[in-house]
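Welcome! Please take a moment to look over the sequence and the 3D view, and then read on for a short tour.

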Amino acid sequence: LRSILTIRKGNMATPLLVYINIALFVIMSICGVSLLAPTGISIIKWGADFGPLTLTGDWWRTITCNFIHIGVIHVLMNMYALLYIGIFLEQLIGGRRLISAYFLTGLFSALASLASISAGASGSIFGLYGIFLSYLVFHHRIEKGQRKSLLYSIGFFVFYNLMSGARAEDIDNAAHIGGLVSGIILGIIYLPVSYTHL
C-alpha cells in the first residue's frame with residue numbers, strides 16, 4: 001500500500017487524487033462536518049452538487065462535488081476503488097490523462113445527477129472504470145488471458161455497484177451511470193494515443 005501511495009514517476013496522478021480527497025475530508029471534519037453522517041446542508045456548503053444552485057450560477061459545484069464525501073466510510077470505500085483502478089489505468093493513459101479523465105467524467109456524472117444532492121468521487125471513479133472497460137474490449141494488444149480476467153473483475157465491480165445503487169435510496173446511481181458512459185466514450189477517444197505496459 002505504501003508503494004502505491006508514494007508519488008513517483010509513473011505513479012503521480014492516482015496518489016495525488018487520493019491525497020486531495022482525503023485532505024479535503026479531514027479539513028471538513030476539523031471544521032465541524034460529521035465524520036459519520038454529514039447533513040445535506042453541510043455538504044452543500046462545502047460544494048456538493050445541487051441542481052437549484054448548480055444551474056443558477058454555482059457551476060463550480062460540478063467540479064467540487066467530486067471531492068466532497070458523505071462520511072468516513074464513503075471516502076474510504078471510494079479511495080480504495082480509486083487506488084485499484086488507478087494503478088492499472090495510469091500505466092495505460094498516463095497521469096495527465098488520468099487527472100483530465102477524473103475531472104471530465106466527474107463533470108458528466110454531476111450533470112446527470114442534478115435532481116439530487118450529489119457528492120463523492122464515485123462518479124469520476126465509474127468514469128475511470130469505463131475508460132478501462134473500453135481498453136479491455138477494444139485494445140487487442142492486451143494479452144487475452146489477462147484481458148479476460150480483468151474484464152470479469154471490472155465488469156463485476158460495475159454491475160454489482162450499479163445493482164446496489166438501484167436498490168438503495170441514498171445512492172445516486174445517475175451519477176454512476178453518467179460517469180460510466182462518459183468514461184467508455186472517453187476511453188474510445190484515448191485508444192489511438194494510448195500506450196500500454198500491461
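## The overall picture

How many helices and how many strands make up the secondary structure of the chain? In this predicted model, the chain has nine helices and zero strands.

Along its principal axes, the C-alpha trace spans about 50 × 35 × 30 Å. Of the 198 residues in the chain, 46% are buried. Among contacts with a separation of 6 or more, 73% are between residues 24 or more positions apart.

Let's turn to one helix. Helix α6 covers residues 95-112, and at 1.5 Å a residue its 18 residues should span 26 Å. The C-alpha atoms at its ends are 26 Å apart, which agrees with that expectation.

Which residues of α6 are buried? They are Leu98, Ala101, Tyr102, Thr105, Gly106, Ser109 and Ala110. These residues cover an arc of only 160° around the axis, which means that they sit on the same side of α6. What covers them includes α1 (13-30), α4 (61-64), α5 (72-93), α7 (122-138) and α9.

## A closer look at Ser182

Helix α9, one of the elements covering the buried residues of α6, runs over residues 173-190 and contains Ser182. Is Ser182 buried or exposed? Its relative accessible area is 11%, so Ser182 counts as buried.

Not counting residues up to four places away in sequence, Ser182 touches Thr105 and Phe108. Thr105 is one of the buried residues of α6. The side chain of Ser182 also reaches the backbone oxygen of Gly178, at 2.9 Å.

## The cysteines

A disulfide is a covalent bond between the sulfur atoms of two cysteines. How many disulfides does the count come to here? The count is zero. The sulfur of Cys31 has its closest cysteine sulfur in Cys65, 19 Å away, and that is too far for a bond. Starting from Cys65, the closest cysteine sulfur is in Cys31, again at 19 Å.

The surroundings of each can be described too. Cys31 is exposed, because its relative accessible area is 53%. Cys65, at 2% relative accessibility, counts as buried.

Key. Residues numbered from 1 in each chain as written. Predicted model: local features only at pLDDT ≥ 70, side-chain atom pairs only at ≥ 80, totals over all residues. Heavy atoms only, no water. Helix = DSSP H or I, 4+ residues; strand = E, 2+ residues; numbered from the N terminus. Buried < 20%, exposed > 50% of the residue type's maximum accessible area, 1.4 Å probe, protein only. Polar contact = N/O pair within 3.5 Å; in protein donor to acceptor, adjacent residues only side chain to side chain. Contact = heavy atoms within 4.5 Å. Expected span 1.5 Å × (residues − 1). Arc of directions from axis to C-beta. Disulfide = S-S within 2.5 Å.
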